[in-house]
Amino acid sequence: MSLKSFAAKIFAKTIRKKIDSWASNPIEAQQKIFDQLISKAKITNFGKDHNFGAIKTHADFVQNVPVRDYEALRNYVDKMVAGEEDILWPGKPLYYAKTSGTTSGAKYIPITKESMPTHIEAARNAILCYIAETGNAKFVDGKMIFLQGSPELTEKNGVKLGRLSGIVAHYVPGYLQKNRMPSWETNCIEDWETKVDAIVEETRDLNMTVISGIPSWVQMYFEKLKRKTGKKVGDIFKNFDLFIYGGVNYEPYRSKFENLIGRKVDSIELYPASEGFFAFQDSQKAKGMLLQLNSGIFYEFIKAESFFDEDPKRITIAEVELGVNYVMIISTTAGLWAYNVGDTIQFTSLKPYRVMVSGRIKHYISAFGEHVIAKEVEEAMQVASEKTGARINEFTVAPQVNPSAEELPYHEWFIEFEKEPENLSNFRNILDKSLQQQNSYYFDLIEGNILQPVKITKVPKDGFQAYMKSIGKLGGQNKLPRLSNDRKIADALEALIKK
């Protein structure tokens, strides 16, 4: 055992004890965060506008601070971006994480000196929890690759600006710098396909032990490696035994990855966002990710089914239930207040509080009142793939409201297969039955002959990559929505298929 791996094991045990300490006192941890946030932000424009001086309880907070998304908070953000201080949080931010907005161009998410360390510590702690549980630390001696955006930053009125993954790249601990791949120069390549080609050349002969990134883009890297060498990824990197991912559910990709690698490898799921690092998988044995209740974020939750009501109830961690679909609302040391991230989550455990991402509040299908969410289509895909031996590269689902004459409406699944099932009709039936079992509204619509069972449209190889490239979102942190309530993506895919 190397000195580095020995030290990592000792450090991992220490950090695990600290995590267990706050995780076993979650309500106290959240109350402490709440009090600190309100106290620190009293002097800000936002704090003065929302009577922070009089806020003592969560009920006071609910009364004074409405739930907002980015667009509703934009007037404050614009002042901050223009160079004003003490707007949402004392002083100026350290960075703006630039992301693509849905209705008004770029979004500038503040990252402060108080919030930045929580991004780094959570990612580190995810790995340390894995070491503490499994005893496996030998990977720290090998090379580690992080598929991420360019670390090059620009500046806006004295504040550095870039993608979150690029910002985080500046904080890789010194003891990992020699292990980290790709090189700085390669990481700065903007064109994703060119970048992945360069990463293949740079890493193919190295001792890669950890690979991290969004599954769909890591898959591209693996496929290019295989085409270049003619070997399985596990044969190229004989000591590769840990995959770290976030952004999307890994399960629909798992069988494809294991085929590309040639064996099973352990995985760690992360839940990072520009707005905060919310959770990470702290155990290989438990379902879900440990919600970070001690990282400068105060959480509120609204049941997804009532989110669009006039005055939906906002609850704290003390009131949540297992298996309920919640919209997650955050207030943070970056100055986001009662902020709707847009994600929906479900709790998989209450001791400690672990969550799984179930989808996006705007990404669902309810064209007929069925309320189908991402978790349900992903689980249906997983069940169908496991039962038939199929492997998929990517998929998305959309409603077909206006089918041909004398035909009932249906859900259309656009699927790019790596390995097609022997019987596509059987695969289709399994998908539909699984969805019916998970969603009673969908079951009723099928039983009542309002909808017909799902239909499958096969997408040619690399079709989804072509779609993402056509909208300027190939690679990096970009993700394909699992489902939509309209035909925008479906129509674009149909156009690509017909070419």
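Predicted model: local features only at pLDDT ≥ 70, side-chain atom pairs only at ≥ 80, totals over all residues.

Me: How many aromatic pairs does the structure hold, and how is a pair of aromatic rings described?

Reply: A pair of aromatic rings is described by how far apart the centres are and by the angle of the planes. The structure holds 31 aromatic pairs. For Phe61 and Phe298 the ring centres are 6.5 Å apart and the planes stand at 85°, so this pair is edge-to-face. The pair links distant parts of the chain, since Phe61 belongs to helix α4 (residues 58-64) and Phe298 to strand β12, 237 residues apart.

Me: Is Phe61 buried or exposed, and what about Phe298?

Reply: Buried means under 20% relative accessible area. Phe61 has 1% relative accessibility and therefore counts as buried, and Phe298, with a relative accessible area of 5%, is buried.

Me: Which strands are the edge strands of the open sheet?

Reply: The open sheet has 11 strands, with mixed pairing, in the order β6-β3-β7-β8-β9-β10-β11-β15-β14-β13-β12. Its edge strands are β6 (180-181) and β12 (297-303), each of which pairs on one side only. Within the sheet, β8 (residues 242-246) and β9 (residues 266-273) run parallel and are joined by five bridges, and Phe243 stands opposite Ser267 in β9. Phe243 is also one of the members of an aromatic cluster that includes Tyr221, Phe222 and Tyr245.

Definitions and conventions: Residues numbered from 1 in each chain as written. Heavy atoms only, no water. Pairing = 2+ DSSP bridges. Helix = DSSP H or I, 4+ residues; strand = E, 2+ residues; numbered from the N terminus. Phe/Tyr/Trp six-rings, centres within 6.5 Å; stacked < 30°, edge-to-face > 60°. Buried < 20%, exposed > 50% of the residue type's maximum accessible area, 1.4 Å probe, protein only.
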